[in-house]
Amino acid sequence: MSSAPPRPETPSVAPIRLVRHGRLRLRLRWQLAALGALLDGHSFWATGRRPAQLGRMLSGSQVVVSAWQAGTLVGFGRATSDGVFRAVLWDVVVAEDQQGRGVGRRIVEALLASPQVTAAERVYLMTTTGEGFYEKLGFSRVDSQRLMLKTIVKKTSG
C-alpha cells in the first residue's frame, strides 16, 4: 500500500476585516499606539502624532474606518462632513505590505457609503501621490480650484 507524499502546507493568510467605528471609537481608542505606528510607518503627512492628538482627531471625525488582519491594524481612513454640502476624506493609509490588495478601496468605499458623507453634495480629498488610485474610485482632478494653506504655529507653554 503506497500513499501519496504529503502536500506542502500553504500558509493561510488571515482575511482583512473592516471596522466601521461607532461614535466612541473604542477599539481605536484602546489602540492609539497601533494607529500612531501605522501613520508613522506608512504615511509622510501624518507622522509624529501623539496619542492625545489621535484621540482628539478621532473625536472630531464623523466617520472612522479601520482594517484589521489577525488583530493587527493594517489600514485606516476617516471623514468629516457637514452632512449637507461638503465632506472631506482624511488620512487614508494602508500598510505597505497590504497595498494593491483592495484594502484602500474598501476603506474609501466604506467612508463614501456612510450616511454623513452620502448626504453631502461634494466629497473632497487631498493627495500628493495617490491621484491614480482615487481616479479609479470616481474622483477627478480639479484644476479650477487651488489648495490654500495656513500653517498655525503653536506656542509652547513653559
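Start your tour by selecting helix H2 (32–42), where Leu-32, Leu-35, Gly-36, Leu-38 and Leu-39 are buried. Looking down the axis of H2, you will find these buried residues within an arc of 160 degrees, so they line one face of the helix. Before moving on, here are some words you will need. Buried means under 20% relative accessible area, exposed means over 50%, and partly exposed is in between, with a 1.4 Å probe and protein chains only. The arc is that of the directions from the helix axis to the C-beta atoms. Helices (H or I, at least four residues) and strands (E, at least two) are DSSP runs, numbered from the N terminus.

You are looking at a predicted model, in which local features need pLDDT of at least 70 and side-chain atom pairs count only at pLDDT 80 or more, while totals for chains, interfaces and linings use all residues. Residues are numbered from 1 along each chain as its sequence is written, and side-chain values use heavy atoms, with hydrogens and water left out.

**Zoom out**

Show the whole protein now. There are six helices and five strands to find, and along the sequence they follow the pattern β-α-α-α-β-β-β-α-α-β-α. The C-alpha atoms fill a box of roughly 80 × 45 × 30 Å along the principal axes. The radius of gyration is 19 Å, whereas a compact globule of 158 residues would have one near 15 Å. That radius is taken over C-alpha atoms, and the globule rule is 2.2 Å times the number of residues to the power 0.38. Of the 158 residues, 35% are buried.

**Back to the helices**

What covers the buried residues of H2? Their cover includes H1, H3, S3 and S4. A contact here means heavy atoms within 4.5 Å.

Next, select helix H3 (residues 51–59). Its buried residues are Leu-54, Gly-55, Met-57 and Leu-58. They fall within an arc of 160 degrees around the axis of H3, so they line one face of the helix. The buried residues of H3 pack against H1, H2, S2, S3 and S4.

Pick out Leu-58 in this helix. Leu-58 counts as buried because its relative accessibility is 0%. Leaving aside residues up to four places away in sequence, Leu-58 touches Arg-25, Leu-28, Arg-29, Leu-32, Leu-35, Val-64 and Phe-76.

Move on to Ser-61, in the loop between H3 and S2. Is Ser-61 buried or exposed? With a relative accessibility of 2%, Ser-61 counts as buried. Not counting residues up to four places away in sequence, Ser-61 touches Arg-25, Arg-78, Ala-79 and Thr-80.

Now select helix H4 (residues 103–113), with its buried residues Val-103, Gly-104, Ile-107, Val-108, Ala-110 and Leu-111. Their arc around the axis is only 160 degrees, which puts them on the same side of H4. Among the elements covering them are strand S1, strand S2 (63–69), strand S3 (72–81) and helix H6 (131–136).

**Charged pairs**

Side chains of opposite charge can pair when their charged atoms come close. A salt bridge is a side-chain nitrogen of Lys or Arg within 4 Å of a carboxyl oxygen of Asp or Glu. By this rule the count comes to six salt bridges.

Select Arg-49 and Asp-91, whose side chains meet in a salt bridge (2.9 Å, N to O). Arg-49 lies in the loop between H2 and H3 and Asp-91 in strand S4, so the pair ties together parts that are 42 residues apart in sequence. Arg-49 is partly exposed at 26% relative accessible area, and Asp-91 is buried at 7%.

Then look at Arg-141 and Glu-131, a salt bridge in which the closest N and O atoms are 3.5 Å apart. Arg-141 lies in the segment after H6 and Glu-131 in helix H6, so this pair ties together parts that are ten residues apart in sequence. Arg-141 also meets Asp-143 in a salt bridge (2.7 Å, N to O).

**Last stop: the surface**

Finish with Leu-24, in the loop between S1 and H1. Leu-24 counts as partly exposed, with 45% relative accessibility.
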